[in-house]
Every structure is written in C-alpha cells, then in structure tokens.
Amino acid sequence: MTDSPVPRIESADVVVVGARCAGAATALPLAEAGRRVIVLDAAALPSDTLSTHLLWPAGMAELQRLGVLAEVAALGAPRLTHAYAEGAGFGIGSTFGPVDDIDYAMCVRRTGLDGVLARAAMAGGADVRQRCRVESVVFDGNRCTGVRYRDSSDTVTEIRAALVVGADGRRSTVARAVGAHEPFLTVPSGRDCYFAYWRDSPDAPRHIAAQWRVGADLGTAFPCDDGLVLSLVQPPCADGKLGPGEAERRYTAAVRRIPALADRLANCERVGRVRSAVGIASYFRRSAGPGWALPGDAGHFKDPVTAQGIRDALHYGRTLAEAVADILDEPAVLDAALTQWERTRILECRDIFHWTNRLARGEAMRPLEIELYRRAEVDTELAEITTGIFSRTRRPTDLYTPSRALRLGWNALRHQRGQLPVVLADMAREVRDGIAERQITRTTLRGNPPRVAPSTHTPLTSVAPGAQHVR
C-alpha cells in the first residue's frame, strides 16, 4: 500500500469491486433499496470473460428475481428445454424440473449477459465506474472501511463505505487484501478446460444441452446467442505450460476423441480462437469479515464441469444484498448478518462441491457410473434426478440412496462380470469417498470457517490533510 496523498475521498454505503454477475447482483438490490452503491470494474463493459456461459433453470430463475430475464432473453439465446448426456454407449435424455415456473436453460455469452446486468444496476441507481482498478483496501483497526482505486486518467480516489464487496473473481484483489486469498479448502481438478464457438448448422438441435464422455474426455455442445454453439472440452490435465498454438491443438485433439461431438460440429464453422483454463482448483475461501464480503468466485469456486458459477454468483450476490440492505448502519448487526450469509453459502454449496469434484477427476467412467448411465437411459425418474442435481432442485443424496446404491452395485456385478475385481474396487472406493466427503462436511465445511488473522490486513491508509470529500 502506498502512503502517497489521496486527492479525493468519497463516501458510499457500499463499494462493490467487480461489475459482472456477482457484483451486479449485489449492487442492484442495494441500490433499489435506496443505498448509495459505487461499483468499480477494471475492464470496459461489456467485455468478454472466461466462462462456460450455461444457466440451468435455477440460474434463469435468478435472472427473473433480479428483473432482467426479459432483457437477457432478448439477446437471442435459444431455450434449452432438454438435456442429453451420453457415456459408455448409453444416452440419457430428460427435461428440466421447473424453478419458479422456469423449465429451461440458456447459454448466454458473457458480453451480452454482463452488459444487461451492468445496465440494470445503473438503472436501479448504482454508480458503475469502468476502467477503475482497485489498488488497496482501507482498514480502521481490524475493520474494512473502504478502497483506493485508480481510474483511466490515473487519478487515485478513496471510497469510504460501511461494506466492501469483493466480487472480483478468482484472483480477487479484495480477498488478498483482507487476508482471505488462501482457501481453507481446495481440491485441484483433474481436467483442463478448452472452449470455442462455432456457427451452428441450420438443422442443428438448438433446444438440447448435450454432454458426451469417451474414455477420460468430456465434451459439450451448448447452443447460444447469435446462432452460435459453445463447445467445451475437458480432457485430463496435461503436463507443461501452454505454448503458442497448444490450446488449439489440445482442443482439436479432444474433439476428435469424442466422435459424437465431432459429428455434432461437422457442419458447423469455427468462429474465433480457442480459449483455455488450466491449473483449475475448486475451493472455499473465508468470505466475510468486519465490513467485507466475497460473493462469486472471489469466495467460492467450483470446477466448470457442472456449470454452477453464474447461478451461484447471481444467487449469493442477491442474497448478500438482501441480508444487509437494512443494517449497514449497525456494524455489529451487519457483521453477524455477514457471518450468517457466509455460513449459509457453505452449507448450501457443499454437496454440489463434492459432486463437482467427482466429475472433475479426469478419469474414464467407472463401473458404477456406467451402471448409472445404463439404468438412467430407461428410468425417467433417475434421469430427471440427475438433471435436477445440476439445476440444484435435487441433491446428490437423492441419487445415491442406500437402496439405489445397492442396486447399482449389484447390477454392475451382473452386467460387468468380466471385470469383477474392477467393479469390487470401485464399490470399495465409493464407500471410502463417501466417508471422506462426510468427514469434510462435518469438519471443514460445517459452516464455521477459520477466522482471518488481523495481522494479515493491510494497515489503514493515511489521508492527506485537506483532501477533497465527495458524497
């Protein structure tokens, strides 16, 4: 932190760092409640960002609760009314269970989605400022009281606020400044992620969100706006850094290893370059403290294999705003509400966290997974439960009930007799994994994360005499 004079000091009720999904979802309800909200983003908006783009019905319902569903729908992404998953020669098709009467998904490119959200926040009364990079967080003792940022004209401004919201992603400046950057639980992914857009063919099934698994590879095709389809592949993690052209090569090779995905894209034309995300890890960070909170990826992140990020950013941004809107002037009450909000997110996200980490292992389908696909191909209820887990209308425990787990194990032994040792080893592994997950749930994810040590905080900024105050 610099001790140079600050030319200007402003005041607000809340300063939100990051104007995308989590930041806009936090700012909009607070501004509509009459609070003075300043939102800072280092980028020019709207602009692209790395994302799987997919919103299951639960994510669409969040857009509806924020009042932006109609404007997002006007971007032109088709309604995805069916889900399809294929693996080991079995194909599972299902519809989506409704969330707030919404029974479809959408894949919306982030330039359009983030633009809608930022405009809504501004229309609701938030002061959204682009090309403003936060350089440090201001503390008064152990309490976060604001931020310093530098705008595009190189002017440094300090904003004092009752609450600082770090909605600035996995590399969060706010998380680092408050000492919360190191997760209290992290699980490295076994998969890399590469994606590209394709100009979809006229006869393509643009109502289906599809996923295929072949060997250890996973690939998807999600129709999106502007007549495009987003195709994402997640092969096992590769060694070494990405050199020039390496993402393109790995993406193309992965698509070729998934014949059904290659067929889906056969009559499509690639648009733009391949994007990549490697070295991924799912995590929980400490996400609330005196005068600060971290919604979105800044506080909690799951591997993109289950496409949960946008929904969670919208949901926990909105619920954070609703929890604090009326109590920003009462520090002790505010801190208690922030603690409860953080606890709620941990409790609500831990099951899907475990489920996501299983799918992110980067392994070929195991015997029990194969049996699940075999059964779900003809069992409508089982298929809908599986789809419901992704949309958060069902829980993984609804799928793996004791009786169903026993049936899957028995049928795996019956159908895969030639691999008896492998099946038995998989059943034993399933038991071990279940025990390990329950242990983590009872301990690390019990909802009371470790406190952030005060010594890790950046000291209070000194303010130059005669600095200009702006309200």
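This report walks through selected features of a predicted model.

## Confidence

The protein chain has a mean pLDDT of 92. In this chain, 94% of the residues reach 70 or more.

## Helix α6 and its buried side

Helix α6 covers residues 246-256. Its buried residues are A247, R250, Y251, A254 and V255. They sit on the same side of α6, because they cover an arc of only 130 degrees around the axis.

What do the buried residues of α6 pack against? Four of the partners named here are strands or helices given with their ranges: β12 (193-199), β14 (217-223), β15 (228-233) and α7 (259-264) are among them. Strand β16 (269-277) is also one of the partners.

## Strand β13 and its two partners

Strand β13 runs over residues 208-214. It is mostly covered, with 5 of its 7 residues buried. Strand β4 (residues 82-87) pairs with β13 in the parallel sense, over 6 bridges. Within that pairing, G87 has R213 of β13 as its bridge partner.

The pairing of β13 with β14 is antiparallel and runs over 5 bridges. Here W212 is bridged to G219 in β14. The two strands form a hairpin with 2 residues between them. In this hairpin G215 takes a positive phi near 60 degrees.

## The sheet β11-β17-β20

Three strands make up an open sheet, in the order β11-β17-β20, with antiparallel pairing. Which strands stand at the edges? They are β11 (185-188) and β20. Each has a single partner strand, so one side of each is left without a neighbour in the sheet.

Strand β17 covers residues 281-284. It pairs with β11 in the antiparallel sense over 4 bridges. P188 stands opposite A281 of β17.

H300 belongs to strand β20 (residues 300-301). Is H300 buried or exposed? Its relative accessibility is 5%, so H300 counts as buried.

The side chain of H300 has two polar partners to look at. One is the backbone oxygen of Y283, reached at 2.9 Å. Another is the side chain of K302, in a polar contact at 2.8 Å. Leaving out residues up to four places away in sequence, H300 touches Y283, F284, D312, R345, C349 and F353.

## Cysteines

How many disulfides does the structure hold? The number is 0. C107 is in no disulfide, and the nearest cysteine sulfur, that of C224, is 4.7 Å away. A disulfide needs the two sulfur atoms within 2.5 Å. C107 counts as buried, at 0% relative accessibility.

C268 gives a further case. Its sulfur is 11 Å from the closest cysteine sulfur, in C224, which is too far for a bond. C268 also counts as buried, at 12% relative accessibility.

## T95 and its surroundings

T95 is found in strand β5 (residues 90-95). With a relative accessible area of 37%, T95 is partly exposed. Apart from neighbours within four places in sequence, T95 is in contact with T81, H82, E384 and T387.

T95 and A298 are 203 residues apart along the chain. Their C-alpha atoms are separated by 32 Å.

Most residues other than glycine have a negative phi. A88 has a positive value, near 55 degrees. A88 lies in the loop between β4 and β5. It is partly exposed, with a relative accessible area of 41%.

R392 also has a positive phi, near 70 degrees. R392 lies in the loop between α11 (380-391) and α12 (396-399).

How values were computed
Residues numbered from 1 in each chain as written. Predicted model: local features only at pLDDT ≥ 70, side-chain atom pairs only at ≥ 80, totals over all residues. Heavy atoms only, no water. Buried < 20%, exposed > 50% of the residue type's maximum accessible area, 1.4 Å probe, protein only. Arc of directions from axis to C-beta. Contact = heavy atoms within 4.5 Å. Polar contact = N/O pair within 3.5 Å; in protein donor to acceptor, adjacent residues only side chain to side chain. pLDDT = per-residue confidence, 0-100. Pairing = 2+ DSSP bridges.
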